[in-house]
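Biologist: I would like to learn how to read salt bridges in a model. Could you take me through them step by step?

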Amino acid sequence: MPEQFGKQCTERRRTKMKITQLSPNIGANIDGVDLAKPLTPEAIETIKALWDQHLVLRFRNQSINDDDLLRFSKYFGELDPPGPNPYGVTFLPEYPEINVISNVKTADGTPIGNLGDGEAVWHADMTYIEQPPVAGILYSLEVPLGQGNTYFSNMIRAYEALPDALKKEIDGKILIHDAAHNSAGMLRKGYSEVTDPSETPGARHPMVWTGTRGKQALFLGRRPNAYVVGLSVDESNRLLDEVWSHATEPQWTWHNEWEVGDLIMWQNHLVMHRRDAFAGNTRRIMHRTQLKTFAA
């Protein structure tokens, strides 16, 4: 359980970390760690424990390159390559395990990254595959000031507080997670639009996920084109609308107002996230890794 929100800071004397809880139910900021340098085993274990406690961790004022990002990511698990994007290309061929999230285009109009400048709706990453990545790590290189905020929601707390009747209604239910679109609503290469949600292509997952640490959480993926197996489309939509309304209540959430040098890591099976739109004439460049499995 997270510490009481009023206890804002905790000193980790031996690792010289200062931890600040960012909201009552999710998120902590860690100061006193330089991610451009290798971490000690003690520091890695401390970060793992804090990650399990807060689900989302932020490190500010970092100055790292792609090699540093890969080294840091590998402390916590096996890297997973990025999912397919609408352009069908690898944005960083020299670093195929890193995805680029950006609205910037080259002089000839070629995007250097994915997701553009529009809103990215609430989602967990790549839940349309059978084994979604367990975590995401995102580092900001360029950001528009005061725009493109990212929000995170704790699906453990949301499930625990779900009304008993709704818990009973979703117990054992299986959800189809749309594979055709990304979180910005863009159609992925090789897919076609479907009008009937029951025909949505994608993996099938239980609506209640039991994580590797034994905690139960809502597992919803993304709302558009989702479908609860065995229900009529109308009943599926009604049930999903109720659950989604609860899961995205502000009390479970925290949002980051990005600064250059922010690195944020989150547990993908237990957290949903979304992004505000931002002005298309501004520049936003972020590099991202994801983990296939957690380190032992």
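Predicted model: local features only at pLDDT ≥ 70, side-chain atom pairs only at ≥ 80, totals over all residues.

Biologist: What is a salt bridge, and how many salt bridges does the rule give here?

Modeller: Side chains of opposite charge can pair when their charged atoms come close. The rule asks for a side-chain nitrogen of Lys or Arg within 4 Å of a carboxyl oxygen of Asp or Glu, and by it the count comes to 14.

Biologist: Which parts of the chain does the pair of Glu259 and Arg60 link?

Modeller: Glu259 and Arg60 have their closest N and O atoms 3.5 Å apart. Glu259 sits in the loop between β16 (253–256) and β17 (263–267), whereas Arg60 sits in the loop between β4 (56–59) and α2 (66–74), 199 residues apart; helices (H or I, at least four residues) and strands (E, at least two) are DSSP runs, numbered from the N terminus.

Biologist: Is Arg60 buried or exposed?

Modeller: Buried means under 20% relative accessible area, exposed over 50%, and partly exposed in between (1.4 Å probe, protein chains only). Arg60, at 18%, therefore counts as buried, whereas Glu259, at 37%, is partly exposed.

Biologist: What separates Arg238 and Glu242 within helix α5?

Modeller: They are 4 residues apart in helix α5 (residues 233–247), which means about one helical turn, and their side chains meet in a salt bridge at 3.1 Å, N to O.

Technical notes: Residues numbered from 1 in each chain as written. Heavy atoms only, no water.
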